[in-house]
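Let's walk through this one by question and answer. Have the sequence and the fold open side by side.

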Amino acid sequence: EGKRLEVGEDENGAYRRAVNKSWRRLILWSRVKQGETERVNDRLEEEITKVCVFGAGSFGTAIATVLAKKYGQAKVYVVVRNEEQCESMNAKHRNPRYLTDYVLPGNVVATLDPREALEGCQYVVHAIPVQASTGFLEKVKGLVPKSVPVISVSKGLEVGTGLTMHQVLQRALGEDQPLVALSGPSFAKEVMEGLPTNLVAASEDENYARSVQAVFASPTLRVNTTRDVVGVEIVGALKNVVAIAAGIVDGLGLGNNALSALVAQGTAEIRWLAVRMGGEASTVTGVAGVGDIMLTSFVNLSRNRTVGVRLGRGESLQEILSSMTQVAEGVKT
């Protein structure tokens, strides 16, 4: 018995030593990675001097704010549509139409002139609603530098063509333009407030996805990467349709059982379609998929869910849309 006990103690001791060794390696690895991240951030803070954001809606404003806070020495130009909005953002540092309660960083610069915003910029963020993108891109396509990555944060499918935002950008800017889709569960209000958020950068070229990851990553914003542009964009567009349906269920008072069943079935159908179109099933079950579907379908801040709730309560679609100041992309999709 004494010998068996000694053997058992030796085994337990070896196990503990192995665990401690693994833990020390993990801590060392994390410190190395943290050091690498800090060096990359220091380099980017020196290199990035100008970013252009197309669109001053809620998410365009939030993204501009995130970048302006991270790169305090850089200018973040935001292309806006009207003089009033431009003057307010530059003089009062507030967007008079969206996220009006928040003060914008001083290095956010609004402009009506795309040429001014694009000249010398190192990244372009496209935050124009999908249905208005083709018309806008026709006006600016000759001004966009061919080597500068264009990051799309718009979600939806173009009416009439069924094209995703990636395809709309590619059609307008050419196949050689570096493109990245940035998507995931992210209400603009919470991004603006610096609450923890997880996004996914998708690009056919992994180097561009990793570049965008480094540019946007912060203590409150985690960015994953993938090459599955199709999966990210399809689920990003169709989750808005599911959210409208989820809102209708709530508006009709059909209960939580029906709501969860509808969202689950909608997710399964999105997964089926995304895979048939060349996307990956794992994308749909990840942050940019199920994560975004849950946020949009279950939380009252969702514009698309709100449209559904009001439809379920008996309002007409025309009444709902005419009273909204923001775009619910799921309606057109």
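Q: How many cavities of 30 Å³ or more does the structure hold?
A: First, some ground rules: this is a predicted model, where local features need pLDDT of at least 70, side-chain atom pairs count only at pLDDT 80 or more, and totals for chains, interfaces and linings use all residues. Residues are numbered from 1 along each chain as its sequence is written, and side-chain values use heavy atoms, with hydrogens and water left out. A cavity here is a set of points, on a 1 Å grid over the protein atoms alone, where a 1.4 Å probe fits but cannot get out. At 30 Å³ or more, the count is one.

Q: Which element gives the most to the lining of the largest cavity?
A: The largest cavity holds about 90 Å³ of space, a volume being the space filled by probe spheres set on the points, with grid points joined across faces, edges and corners. Its lining (residues with an atom within 4 Å of a point) has 14 residues, and Ser154, Lys155, Ser183, Val232 and Glu233 lie nearest the centre. E6 and H9 are the elements giving two or more residues to that lining; helices (H or I, at least four residues) and strands (E, at least two) are DSSP runs, numbered from the N terminus. With four residues, the one that gives the most is H9.

Q: How many nonpolar residues are in the lining of the largest pocket?
A: A pocket is an open set of points with protein on both sides within 12 Å along at least five of seven lines, and the largest one has about 1,300 Å³ of space. Of its 49 lining residues, Ser58, Phe59, Arg303, Gln326 and Val327 are the closest to the centre. For the classes, Ala, Val, Leu, Ile, Met, Phe, Trp, Tyr, Cys and Pro count as nonpolar, Asp, Glu, Lys and Arg as charged, and the others, Gly among them, as polar. The lining has eight charged and 16 polar residues, and the nonpolar ones number 25.

Q: Within what arc do the buried residues of H5 fall?
A: Buried means under 20% relative accessible area, exposed over 50% and partly exposed in between (1.4 Å probe, protein chains only). In H5, that picks out Val130, Ser133, Phe136, Leu137 and Val140. The arc is that of the directions from the helix axis to the C-beta atoms. These residues line one face of the helix, because seen down its axis they fall within an arc of 100°.

Q: What arc do the buried residues of H6 cover?
A: The buried set in H6 is Met165, His166, Val168, Leu169, Ala172 and Leu173. They sit on the same side of H6, since around the axis they cover an arc of only 165°.

Q: Which elements are among those that cover the buried residues of H6?
A: Covering goes by contact, meaning heavy atoms within 4.5 Å. The cover includes E4, H5, strand E5 (150–152), E6 and H9.

Q: How many disulfides are there?
A: A disulfide is a pair of cysteine sulfur atoms within 2.5 Å. Cys52 and Cys121 are both buried, Cys52 at 0% relative accessible area and Cys121 at 6%. The sulfur of Cys121 is 5.3 Å from its closest cysteine sulfur, in Cys52, so that is too far for a bond. The count of disulfides comes to zero.
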